[in-house]
Amino acid sequence: MAAGLISTSLAAAMPPLLLSWFDIGATAIVLIIAGALLAGMFMFVRIASDDSDKYKDLKEMVETIFGTPAHLRPSSNDASVNPKGNSSAKDIAAANLAPFSEPCPACSETVTERDSSCPSCGLQLQ
């Protein structure tokens with residue numbers, strides 16, 4: 001009786017052979033998928049940081065998702081206006097002298113930043 005009890009408890013403690021092979025296969029598949037994802041991320045970073053125009057569309061998508069959008073980035077026609085890429089003192093002075101104007105929220109009369117109140121309706125502006 002004791003021999004029968006030991007053999008049944010030993011069989012219950014050992015997993016079936018099929019289950020162990022299934023575990024090994026599932027682990028291998030998960031590791032292969034994880035390795036493929038890691039390799040894909042590595043290649044994606046290399047492509048996104050490449051300086052050539054080989055992957056221009058992909059780089060624009062990455063820049064749009066993670067960085068400054070294309071419509072806010074300086075374009076090539078901005079560089080042709082000022083080839084050095086930096087603003088000169090004349091450009092800065094001209095921007096400071098040009099008054100900012102917008103419609104009054106109450107009467108839609110055009111007001112500038114120099115107006116403390118709307119000339120048409122008298123609304124106090126800040």
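Residues are called buried under 20% relative accessible area, exposed over 50%, and partly exposed in between, using a 1.4 Å probe and counting protein chains only. The model is a predicted one, with local features needing pLDDT of at least 70 and side-chain atom pairs counting only at pLDDT 80 or more, while totals for chains, interfaces and linings use all residues. Numbering starts from 1 along each chain as its sequence is written, and side-chain values use heavy atoms, with hydrogens and water left out.

On to the overall layout. Five helices and two strands make up the elements of the chain, taken as DSSP runs (helices H or I, at least four residues; strands E, at least two) numbered from the N terminus. Read from that end, the order is α-α-α-α-α-β-β. Among contacts (heavy atoms within 4.5 Å) with a separation of 6 or more, 0% come from residues 24 or more positions apart. Of the 126 residues, 5% count as buried. The chain exposes about 10900 Å², and 66% of that is supplied by carbon and sulfur atoms; the areas come from the Shrake-Rupley method with a 1.4 Å probe, and for residues only the protein chains shown count as cover.

Then there are the cysteines. With a disulfide taken as a pair of cysteine sulfur atoms within 2.5 Å, the count is zero. Cysteine 104 has its closest cysteine sulfur in cysteine 118, but at 3.7 Å that is too far for a bond. Cysteine 121 is in no disulfide either, its nearest cysteine sulfur being that of cysteine 118, 3.7 Å away. As for accessibility, cysteine 104 counts as buried because its relative accessibility is 3%, whereas cysteine 121, at 41%, counts as partly exposed.
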